[in-house]
Amino acid sequence: MSLTYLEAIREAQAHALRDDPRVFIYGQDVGMFGGAHKATKNLATEFPGRVLDSPISEDAIIGLAVGAAIEGMRPIVEMQFADFSTVGFNQIINQAATLFWRTNVPCPVTVRLPFGGTSGSGPFHSQCMETVYAHYPGLIVLTPATVEDAYSMLLEAVAIDDPVIFCEHKFLYYHLKAEKLPSEALPVGKARIAREGRDMTIVAYSAMVHEALEAAKELVPEGWEVEVVDLRSVKPIDTDTVMASVARTGRLLCVGEAWPWGGVTAEIIARVTSEGYGLLDAPPQRLNAKDTPVPFHPNLWAAHRPTARAITAAARKLLRL
Amino acid sequence: MVQSVLEPGTAEKTASFRETYLAAYRFMLLARLLDDKFAALWRSGRIHGGVFLGRGQEALSAATGVCLKKGDVFAPLIRDAAGRLAFGETVLDAARAYLGSALGPMRGRDGNVHRGKPQEGYLPMISHLGAMISVVNGILFARRFKKISGTVGVASVGDGATSTGAFHEALNQAAVEKLPLVLVVANNHYAYSTPNSRQFACHDLADKAVGYGVEVDSVDGTDLSACLETVGQAIARARAGRGPQMVVAELLRLCGHGEHDDASYVDPKLKASLVGRDCLKVAEENLLRQKWADAATLAAWRRGVLHEIEEAIAQVQREPAPDPFAEEWRAIATKHLSETHEEA
Amino acid sequence: MPQIPIIMPQLGESIAEANIIGFLVKPGDTVEAGQDLIEVETNKANMTVTSPCGGRIERITAQLNESYPVGASLGRIETTEEEIARLGLDVSAPVKPGDTDRVAKGNGNGNRSSVQPTVRGLPVPANAAGASYLSPRLKARMTELGLSAADLAGVAGSGAAGRVTVEDFEKFIAHLEKQRMSQASTMRVTVADAMRRSWTRPIAHVGMPVCLDPLFAYRKVARPKPGPALCALRALAVALAENSAPAGRLVGNKIVHPSSIDIAFAVEAEEGVLVPVIRNADKRSLKDLIAPYNELVELARERKLPPDATGGSIATVTNFGTFGLEWATPIPLPEQTLVLGMGAARHAPNWDSVKGQFVPIMEANLTLSFDHRVIDGGAAGRLLQHVADLMSKPEKL
């Protein structure tokens, strides 16, 4: 029996609905249709009245979730695509993210964002939004890379008393499979060493973790052992694990699917350079998508964001520095 | 003290309209004099940032607050000083928000009209107009899950807010979900400096309700009696499960958008018309005419309220300001997930 | 007749594969471009795979109820060159069935795009071969071990432009640890540091032989007896008192003149050299300097010099002749511009133009090492000549 990343997300939601009467799911097409990505398939039937269709109103969807959270519920809202969450951006960053700081009343809302690119999806169904949300204080931003993390981190997201932006990678939905659900997991806030190494550290998150692992494999015959760190959450960032890894290897390459300006890769490098300057044997490097909207044509899309091949090329350059 | 005379939501409890009217009038008076005080404090540099008054809108706001019950939800907006007091806010807390006291509900982290106590159903607004409506929806929605019935939620908005996407989405959502939402729209004819003619194209704001499938009433916002009647009925209908209700009140803002604004753009013809009447004067004239109070009583109330305000302001001014070095600079409840960046 | 593969298309966002649930054609059938061929089921819905071109079904390789990934070949269509040209089809090798390469290829035409790395040219940090570029990590390690760049001069770097990487460094240290090592004394380390700092300046040397006969004659009758080094010291003091510029320090575009003529002299002690100082050597005669000089020598040898006896001098005198050396190129201390050296005295023939023959004299080489930023060879030579002249009249010193 194996399950996909998407099925793990569905399982986590079922688990949450089952165990906590305060949980409900709200979003477009999540009810009988089971969601545009089928993340809530059958849940409306299994949990009648708790998986509800909303109008196309991202602002009101998030606002309603905040109100419900004030009233003690634990809403999970599904944005159909991360790209559309911008319509609800105001409610996320100004309503949900400021409530606790302004009033001491926590806001336990989970916003599920299907994010990241898949071939042919184009500019408005491929965006990575974690940067913008991580920037605003008051939010927790999670980016699970594995089936197991998709499950355990979503469960933990629902339990966390703060607004969580849960970034699920659409490419991983069906491409990633695992044998079974985990019985225990690293807590949110801890990064994972996805691959131990010696010569260089690659810090990545979400789908890019898999590209990085692929790149690391390609470098083995050349005599390099590359360590890959899966951040798991980009707000907070587990700086300690990253720093310890760079302490071991002395070289850092950060990879992100998001755009170059600012972002997770810039944040990691800023932290390592200012807090761990003496750990670096070479200038830290980063690899991001090209600074354009995400293209539609598969040829363009394949070149737009980092791939295993691009990572190996960057890694070789860094290893030879 | 005014608050001890009558609890909010009196309209339902006592049969006497007179008692309700008197209670509402007292909240209007308190709000007016408190607003004047805030304006004065601002002009003397004691209040930082902006001061936003509700002068001219007290009748509508007080009526709203008085018709709500404890346990209802209220999302007031900029000009709802009267409604907030009627719903249970203390003068001390209002002053604390304006003066930035560390002891206020916002603890200096937000100020002026951005204040509230979410868990008591009194929502602190964010600046983005229309954004609070869906939050009210959310609370009402959650109560359904919790099988709590018989409560309503009021969101106050102005004419400007009705143009926002947030207003549209939230009203639509409330209607689709048949939530007991009452939208009280204070059409004071100007959104900052923008007149109605540049804000919407429908003949009457009330026309918008039809598009959402929402019941609507219009009312003269300068007449306390009419406001009590109309808002009271709208709230009653929502409470009875009739779905969302909208009330559109015509009135005029008798002050600038903020105290930094002189409102010189307001059409003098509007000011001179019925909609430009001072609702406080109208109510006082009514009280006298109905012999529900005499001039001496009114004067005595005024003195009493002024005294109460002075005491409260003095007390709050003695309270400590927030100390940046004592602050826990953390924006999330979950401590172990907070990133504390060491300051150099 | 050329053949075109029937490829499993991408039938939805993030769909990776589909299940075959029915065939609408069989081998041998003639089909048109766009005609439905195979029914498939994805996680989201049931769809059909259509024909890429007109032609004849050559074969169907897909099997009922089996799942095939996006890009897999499900069969082949036999078609014409004209059809291929008309539709711009690619007949190159189809993706192998079961190919799960996660990078998407062009839909249906087997075209592999080559991915250009997005990494721009990385900066090469080293500006010359050798250990000149030290990364922050390397510097941290060096600080930890108390090493300086000079210590790595012999390490071959494997990094860009020959820089020494941390790996090279660790290998070097590990290698060192296998060699026999003895503890360098504190003095040794201190001197090493001073010499390293001295050497950052352009040091040049001039030298000339000086006749010591007048000095030896003076010593025969003098009580107490001044040593040759002290004579040289006193002569240098007198010369510098007349013109202190050669002992100045260059700071920016200014020459900082010494405030008093304090001259140090080298004394060999265990494991190193100490340099006690004669203060105001210009203000006391040679005779009066003998006792303080001897006392300082004793104290130095016993390593008991008081703190005020060292430091603050403007030049040093060193008598390397005591080691039997005729010639040496001493290095001025880091804070000084000059060091005057004296070689071993020896018998040497000297041309006596009066007698018209070589006559034996006692001679020693006098050297002056100097910071060439402060003075040039000419000035150095003149100073040396002046010192030599003064030393030829020891009774006047």
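Into which domains is chain A divided? In this predicted model, chain A consists of domain 1 (3–178) and domain 2 (192–319).

**Stop 1**

The centres of domain 1 and domain 2 of chain A, taken over C-alpha atoms, are separated by 26 Å. Where the two domains touch, 25 residues of domain 1 of chain A are in contact with 22 residues of domain 2 of chain A. On the domain 1 side, please highlight α5 (130–135), β6 (140–142), α6 (147–159), β7 (164–169) and α7 (170–175) of chain A, the elements that each give two or more residues to this side. Colouring that side of domain 1 of chain A by class shows 13 nonpolar, 10 polar and two charged residues.

**Stop 2: where chain A meets chain B**

Next, display chains A and B together. Their contact takes 35 residues from chain A and 35 residues from chain B. On the chain A side, select α3 (58–70) and α4 (89–103), the elements of chain A that give two or more residues to the side touching chain B. By class, this side of chain A has 18 nonpolar, 12 polar and five charged residues.

**Stop 3: chain C as a whole**

Now turn to chain C and show it as a cartoon. Its secondary structure comprises eight helices and 19 strands. Of the 397 residues in chain C, 32% are buried. Among contacts in chain C between residues at least 6 apart in sequence, 62% join residues at least 24 apart.

Colour chain C by domain: domain 1 covers 3–87, domain 2 covers 127–177 and domain 3 covers 199–396. Between the centres of domain 2 and domain 3 of chain C, taken over C-alpha atoms, there are 40 Å.

**Stop 4: a pair of helices in chain C**

Finally, select helix α6 (residues 228–242) and helix α8 (residues 377–391) of chain C, which pack at an angle of about 120 degrees with their axes 9 Å apart. Why is α6(C) described as oblique to α8(C)? The reason is that angle of about 120 degrees, which makes α6(C) oblique to α8(C). The crossing in which α6(C) passes α8(C) is right-handed.

Show the side chains at this contact. From α6(C) come C231(C), A232(C), A235(C), L236(C), V238(C) and A239(C), while α8(C) supplies L383(C), H386(C), V387(C), L390(C) and M391(C). By class, the contact of α6(C) with α8(C) has 10 nonpolar residues, one polar residue and no charged residues.

Notes:
Residues are numbered from 1 along each chain as its sequence is written. Chains are lettered from A and ligands numbered from 1 in the order in which they are written. This is a predicted model: local features need pLDDT of at least 70, side-chain atom pairs count only at pLDDT 80 or more; totals for chains, interfaces and linings use all residues. Helices (H or I, at least four residues) and strands (E, at least two) are DSSP runs, numbered from the N terminus. A residue is buried if 20 or more other C-beta atoms lie within 10 Å of its own, exposed if 12 or fewer, and partly exposed in between; C-beta atoms are placed from the backbone. Two residues are in contact if their C-beta atoms, placed from the backbone, lie within 7 Å. Domain bounds come from an automatic or database domain assignment. Axes are lines fitted to C-alpha atoms, for helices over the stretch in contact, and angles run from 0 to 180 degrees between N-to-C directions. Angles under 35 degrees count as roughly parallel, over 145 as roughly antiparallel, 65 to 115 as roughly perpendicular and the rest as oblique. A crossing is left-handed if the near helix is turned anticlockwise from the far one by less than a right angle, and right-handed if clockwise. Ala, Val, Leu, Ile, Met, Phe, Trp, Tyr, Cys and Pro count as nonpolar, Asp, Glu, Lys and Arg as charged, and the others, Gly among them, as polar.
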